[in-house]
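Try each task before reading its solution.

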Amino acid sequence: MVDTLAHEDELQELFEATIARHDRLEPRDWMPEGYRRTLVRQIAQHAHSEIIGMQPEGNWIGRAPSLRRKAVLLAKVQDEAGHGLYLYSATETLGVSRDELTEMLIDGRQKYSSIFNYPTLSYADVGTIGWLVDGAAICNQVPLCRTSFGPYGRAMIRVCKEESFHQRQGFELLMTMMRGTEEQQAMVQESVDRFWWPALMMFGPPDADSPNTAQSMAWGIKTHTNDELRQKFVDMTVPQAARLGVTLPDPDLRWNPERGHHDFGQPDWQEFARVVKGHGPCNAQRVAHRRQAWEDGAWVREAATAYAAKQEESA
Ligand SMILES: [Fe+2]
Ligand SMILES: [Fe+2]
């Protein structure tokens with residue numbers, strides 16, 4: 001028993017040394033159970049967000065106004081499916097299967113980003129999601145390319161390249177609409193008014209109310225706090241909004257020369273809490289849709305498993 005404990009201490013030291021060197025942990029390395037659990041929760045939540053995030057935009061594929069717009073949107077939504085798959089694979093290296101994770105999502109035991117519980121009411125929302133939601137995702141995810149768990153960091157490098165394209169296509173769509181009729185301009189403004197605050201919520205609660213941040217930073221999973229990333233996003237987005245000619249719906253938003261950053265107002269954190277707890281405008285619809293797709297796909301999974309078993313038999 002004493003030997004085992006001494007052994008664990010050594011492993012813990014090795015783990016901590018790896019983190020301190022900013023080196024990466026790989027799936028076969030020893031890791032504390034809390035680190036593993038935190039990663040499973042975070043990567044699964046991220047994977048679920050990619051998959052559920054296909055729904056609000058998928059809503060507009062059949063109604064895209066031109067073949068070109070439809071092709072772009074289809075490609076974008078397919079990219080999100082790919083992101084989900086990279087991330088589920090990263091989670092599988094930690095010993096949890098994609099089936100288990102999907103079951104946890106549709107049972108409400110795991111979460112996904114609150115942003116996808118808002119509806120897409122106009123076609124301009126496709127542009128706004130690309131610009132603001134993928135833009136916020138980039139701010140969150142670029143630092144994750146250097147996260148301490150290897151498979152997660154490597155998945156993020158590929159994901160971020162595609163996210164930058166998503167952000168550009170959203171901006172390009174909005175720019176086209178802003179050069180159009182007054183009605184199109186009004187559609188863009190109305191869409192930005194609805195998505196601005198939920199986009200700021202994507203970084204999570206203020207640092208003071210984010211009890212897990214310190215541990216995640218000590219483990220090298222997170223490298224920036226929620227408030228730092230939110231600030232970065234605001235600073236990046238304000239000049240883009242000016243270029244587009246849209247107003248960001250925050251009367252407190254202004255440049256602060258002393259800080260060298262923009263000051264801005266706080267989102268409605270009570271609304272955030274409600275949405276996270278499952279009471280947002282589309283939570284029930286999103287999960288019901290995912291559950292239906294999972295149930296409808298059961299025969300495909302069964303057929304694939306039977307085929308794989310047969311291949312093994314004949315091998
Ligand atoms: Fe994505
Ligand atoms: Fe994206």
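A charge sits over a ring if NZ of Lys or CZ of Arg is within 6 Å of the ring centre and within 35 degrees of the ring normal. Keep in mind that this is a predicted model.

**Exercise 1.** Which residue lies over the face of W60, and at what distance from the ring centre?

*Solution.* Start at the ring of W60: R63 lies over its face, 3.9 Å from the ring centre. Then turn to W294, where R301 lies over the face at 3.5 Å from the ring centre.

**Exercise 2.** Find the donors of the iron ion (ligand 2) and classify their arrangement.

*Solution.* First, list the donors: E80 (OE), D134 (OD), E163 (OE) and H166 (ND1) coordinate the ion at 1.9 to 2.2 Å. Next, check the angles: the four donor atoms subtend 87 to 158° around the iron ion (ligand 2), which makes the arrangement irregular.

**Exercise 3.** How are the rings of W131 and F171 arranged?

*Solution.* Begin with the count, which comes to eight aromatic pairs. For W131 and F171, the centres are 6.4 Å apart and the planes at 65°, so the pair is edge-to-face. Now locate them: W131 belongs to helix 6 and F171 to helix 7, so the pair ties together parts 40 residues apart in sequence. Both W131 and F171 are buried.

How values were computed:
Residues numbered from 1 in each chain as written. Chains lettered and ligands numbered in written order. Predicted model: local features only at pLDDT ≥ 70, side-chain atom pairs only at ≥ 80, totals over all residues. Heavy atoms only, no water. Donors = N, O, S within 2.8 Å, 3.2 Å for Na, K, Ca; no water. Tetrahedral: all angles 85-135°; square planar, octahedral: opposite > 155°, others 65-115°. Phe/Tyr/Trp six-rings, centres within 6.5 Å; stacked < 30°, edge-to-face > 60°. Helix = DSSP H or I, 4+ residues; strand = E, 2+ residues; numbered from the N terminus. Buried < 20%, exposed > 50% of the residue type's maximum accessible area, 1.4 Å probe, protein only.
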